[in-house]
Amino acid sequence: MKTTTQLGLFVVALTTVQPVWAADQTVTLEDGRQVILHDDFTWQYNQPSTKTPASENSHSKTSVTSQAVPLKTNSETQNAIPLVTASKAANVSLSKPKNIQQLSNSGVDILLQAPRYTDGQLIIPTMLTNQGSKSVMSIALRVTLNDADNQKIESQDVTLWRSIKRMPDTYFRAKTQQKGKDIIFTVPKMNDYKIQTEIIDVELW
């Protein structure tokens, strides 16, 4: 109550001396807190902003630019996703579905999204991001599916994206994102699999 009274008296005094304020003014109260008085006769406490040290900012920027980041995000893509550029095994879980893996090559990011099992088929949706400056004409992936004991079940080459040259409407433009072709395996249902992926073709135009 005392602070409010002090503030009210200060506002009245200022408006008496100077009817129209040129800009916001900062006032320090007796208890050390600062208040910002606005030119529309409203006020608020001055909350000091938390600044990140320059070294931390530099480190943060380096971390961001060193990884491929999708242009769009959703609740799934916020999960931690291993980033690889060569063949590497990753877990595929039907009991706890989540994004599987993200690969990057030639400015193209490939996200293997949360799997599902329908009508005897293991289906892995994909999302593609063109981070480069050229259009992408085709993207192909080699995928090997293993069981939980890492025993091979099936391997296939999948063309996730294909554009038609001289047909601009089909191009995968720079700085855009597209849904890629689903990766589908006709296999017995298991709670867990292991998948090994490798980008075998990225054609730019």
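**Salt bridges and positive phi angles: a colleague's note**

1. D182 and K179 form a salt bridge, with 3.0 Å between their closest N and O atoms. Please keep in mind while reading on that this is a predicted model. The count of salt bridges in it comes to 3, and the other pairs follow below.

2. The pair D157 and R142 is joined by a salt bridge whose closest N and O atoms are 2.8 Å apart. D157 belongs to strand β11, residues 152-162, while R142 belongs to strand β10, residues 136-147, so this contact ties together parts that are 15 residues apart in sequence.

3. How exposed are the two partners of that pair? D157 is partly exposed, its relative accessible area being 46%. R142 is also partly exposed, at 37% relative accessibility. For D157, the label applies because 46% falls between the cut-offs of 20% for buried and 50% for exposed.

4. K165 makes a salt bridge with E203, and here the closest N and O atoms lie 3.0 Å from each other. This pair links distant parts of the chain, 38 residues apart. K165 sits in the loop between β11 and β12 (176-186), whereas E203 is in strand β13, which covers residues 192-204.

5. On accessibility, K165 has a relative accessible area of 42% and is partly exposed. E203, with 29%, is partly exposed as well.

6. Now to the backbone: which value does phi take at S106? It is near 55°, which is positive even though the residue is not glycine. S106 is located in the loop that runs between β6 (101-105) and β7 (108-112). With a relative accessibility of 45%, S106 counts as partly exposed.

7. N150 is another residue to look at, with a positive phi of about 70° although it is not a glycine. Where is N150 found? It lies in the loop between β10 and β11. Its relative accessibility is 41%, and N150 therefore counts as partly exposed.

Notes: Residues numbered from 1 in each chain as written. Predicted model: local features only at pLDDT ≥ 70, side-chain atom pairs only at ≥ 80, totals over all residues. Heavy atoms only, no water. Salt bridge = Lys/Arg side-chain N within 4 Å of Asp/Glu carboxyl O. Helix = DSSP H or I, 4+ residues; strand = E, 2+ residues; numbered from the N terminus. Buried < 20%, exposed > 50% of the residue type's maximum accessible area, 1.4 Å probe, protein only.
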